[in-house]
Amino acid sequence: MRNEIKYELHPSIDNSLTQFLKAKSCVEIYQKRVVNSLYYDSNDLKLYHLGIAGLSNRFKSRIRFYGASNKSNNYIYEDKIKQDDLNKKNTLRSFEVRNDIRFGEGIDLFDPEGCYPKMSLPRSIRTIYYPKILVSYQRKYFLTPCRRIRLTIDSSIKFSKAKIINNQ
């Protein structure tokens with residue numbers, strides 16, 4: 001489990017913050033990249049409401065993939081679990097199979113502009129969670145000199161209702 005702290009900062013300080021981190025010997029550990037997350041929830045948005053209520057023990061189910069073009073076709077299923085102030089992720093790669101999740105079956109992401117990779121995603125998770133929202137943003141990753149703290153800067157955050165098309 002790890003401690004995750006988030007701050008909302010004005011977009012105008014992005015470059016100043018990046019320069020400050022580099023001046024303090026923080027190193028970029030990945031190239032700046034687009035992160036996409038397709039969140040699953042019940043039809044009554046149970047998981048969303050648990051988060052809004054601020055409950056300290058909750059989870060999110062999501063599919064995560066990287067990149068803004070059709071060149072990327074690798075994605076990961078994650079249960080992000082929060083217990084008090086700590087978080088952990090249980091991950092499953094796109095080629096793995098579990099009884100409650102079968103990759104390569106289900107839905108295709110509705111993508112009229114051709115921005116996202118062509119991929120078949122699960123129609124449901126645990127038979128009660130369905131695709132609800134797609135979130136996309138650019139992320140920079142930094143590691144402190146002691147190598148114990150990772151910092152990320154997210155920008156250009158976009159979100160939309162998850163639109164799906166049946167492939168059956």
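Is Ile128 buried, exposed or partly exposed, and what is its relative accessible area? In this predicted model, Ile128 is partly exposed, with a relative accessible area of 44%. That value lies between the 20% limit for buried residues and the 50% limit for exposed ones. Ile128 sits in the loop that links strand S9 (120-121) to strand S10 (130-143). Beyond its neighbours within four places in sequence, Ile128 is in contact with Asp41, Ser42 and Asn43.

The protein chain contains two helices and twelve strands. Read from the N terminus, its elements follow the order β-α-β-α-β-β-β-β-β-β-β-β-β-β. The chain has 168 residues, and 35% of them count as buried. It exposes about 11000 Å². Carbon and sulfur atoms supply 51% of that area. Among contacts with a separation of 6 or more, 61% come from residues 24 or more positions apart.

Seven of the strands form an open sheet with antiparallel pairing. Their order is S1-S5-S4-S3-S2-S10-S11. The edges are taken by strand S1 (2-3) and strand S11 (150-161). Each has a single partner strand, so one side of each lacks a neighbour in the sheet. S1 is joined to strand S5 (residues 86-93) by two bridges, and these two strands run antiparallel. Within this pair, Asn3 stands opposite Leu86 in S5.

Nonpolar packing comes next. In soluble globular proteins, nonpolar side chains tend to be buried together. The largest nonpolar core here has 13 residues. Leu38, Tyr40, Ile63 and Leu121 have the most contacts inside this core. Strand S2 (27-41), strand S3 (57-66) and strand S4 (75-83) each give two or more residues to it. Another core, of five residues, lies apart from the largest one. Its members include Val35, Tyr39, Val135 and Tyr137.

One is that of Tyr39, at 3.1 Å. The other is that of Glu78, at 2.6 Å. With neighbours within four places in sequence left aside, Arg62 is in contact with Ser37, Leu38, Tyr39, Tyr40, Ile76, Tyr77, Glu78, Lys80 and Lys89. Among these, Leu38 and Tyr40 also belong to the largest core, whereas Tyr39 belongs to the five-residue core.

Most residues other than glycine have a negative phi. Asp84 is not a glycine, yet its phi is positive, at about 55°. Asp84 lies in the loop between S4 and S5. With a relative accessible area of 49%, Asp84 is partly exposed. Arg147, likewise a residue other than glycine, has a positive phi near 65°. Arg147 lies in the loop between S10 and S11. Its relative accessible area is 61%, so Arg147 is exposed.

Note on methods: Residues are numbered from 1 along each chain as its sequence is written. This is a predicted model: local features need pLDDT of at least 70, side-chain atom pairs count only at pLDDT 80 or more; totals for chains, interfaces and linings use all residues. Side-chain values use heavy atoms; hydrogens and water are left out. A nonpolar core is a set of buried Ala, Val, Leu, Ile, Met, Phe, Trp, Tyr and Cys residues joined through side-chain atoms within 4.5 Å. Buried means under 20% relative accessible area, exposed over 50%, partly exposed in between (1.4 Å probe, protein chains only). Helices (H or I, at least four residues) and strands (E, at least two) are DSSP runs, numbered from the N terminus. Two strands pair if DSSP finds at least two bridges between them. A polar contact is a pair of N or O atoms within 3.5 Å; within protein, one must be able to donate a hydrogen and the other to accept it, and residues adjacent in sequence count only if both atoms are side-chain atoms. Contact means heavy atoms within 4.5 Å. Accessible areas come from the Shrake-Rupley method with a 1.4 Å probe; for residues, only the protein chains shown count as cover.
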